[in-house]
Amino acid sequence: MELMELLKTRRTYRRFDQSRPVPQDVVEDIIRSQQYASCGNNRQPLRYAVVQTPELVEKVYAQVKWAASLPPEQGTPKDGEHPTLFVAVLEDLGLRNAITGCDAGLAISNMTLAAWNKGVGSCIMANIKRTEIMEILGLDPEKVSIHSVIAFGYPTHKSIIQEVEEGEPLAYYLNENRDYVVPRHKTEAVVTIL
Ligand SMILES: Cc1cc2nc3c(=O)[nH]c(=O)nc-3n(C[C@H](O)[C@H](O)[C@H](O)COP(=O)(O)O)c2cc1C
């Protein structure tokens, strides 16, 4: 896919074909892509936990909150629509500093793009129960904290950007096909060219 089209269509996906696991070559792309992301002073404070056994995926699934802008019956994936892979983005407590959040954003961008390049959709998730996920993954709270988790799977819906004027509602919603519509400010409204 052409880069700008890849960027435009790499949206948040929240319903997946649960019968179709993410193939290992795509998992490899996802975990390799984080290495290519820039990070402040090249400190590399991030670590990752890949969760791909169905049992563990379901345990993590139970600790994440989907689509705060929608009622659960619309925004939460139903049985058969769950993601098939989670990647937890971890911060090494010995290396973390004020810009680690920026490092995480760049790594997440790489991973979600690498996945989408192979047709695998994702949902970046920060509204999560970190203590419970730490326990499920057997992580040591003295060594790492969880920045976020990313859900992956083959999406069963589309997601469309809709340009809106400033002041118009920004909450995403489902259209008549149950595809996501994501309102976005027009470029000219947020960019000043001097
Ligand atoms: C840092 C961050 C945290 C997010 N946390 C959640 C979350 O906990 N649950 C969820 O369903 N979506 C979450 N999202 C997805 C956003 O709701 C989504 O990115 C936004 O609505 C815009 O849609 P788009 O990604 O398709 O542009 C998160 C996104 C980001 C960037």
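Phe86 touches, leaving aside residues up to four places away in sequence, Ala49, Val50, Val51, Val57, Val60, Tyr61, Val64, Met125, Val149, Ile150 and Ala151, where contact means heavy atoms within 4.5 Å. The model is a predicted one, in which local features need pLDDT of at least 70 and side-chain atom pairs count only at pLDDT 80 or more, while totals for chains, interfaces and linings use all residues. Residues are numbered from 1 along each chain as its sequence is written, and side-chain values use heavy atoms, without hydrogens and water.

Phe86 is also among the residues with the most contacts inside the largest nonpolar core, together with Val64, Trp66, Met125, Ile133 and Val149, and this core has 30 residues. A nonpolar core is a set of buried Ala, Val, Leu, Ile, Met, Phe, Trp, Tyr and Cys residues joined through side-chain atoms within 4.5 Å, and buried means under 20% relative accessible area (1.4 Å probe, protein chains only). At least two residues of this core come from each of β1, α3 (54–61), β2, α5, β3 (121–125), α6 (130–136) and β4, these being DSSP runs numbered from the N terminus (helices H or I, at least four residues; strands E, at least two). β4 gives the most, with four residues. Because domain 1 (3–157) and domain 2 (158–194) both give residues to this core, it lies between them; the domain bounds come from an automatic or database assignment.

In helix α2 (residues 24–33), the buried residues are Val26, Val27, Ile30 and Ser33. They pack against β1 (46–51), β2 (85–92), α5 (100–116) and β4 (144–153).

Notes: Buried means under 20% relative accessible area, exposed over 50%, partly exposed in between (1.4 Å probe, protein chains only).
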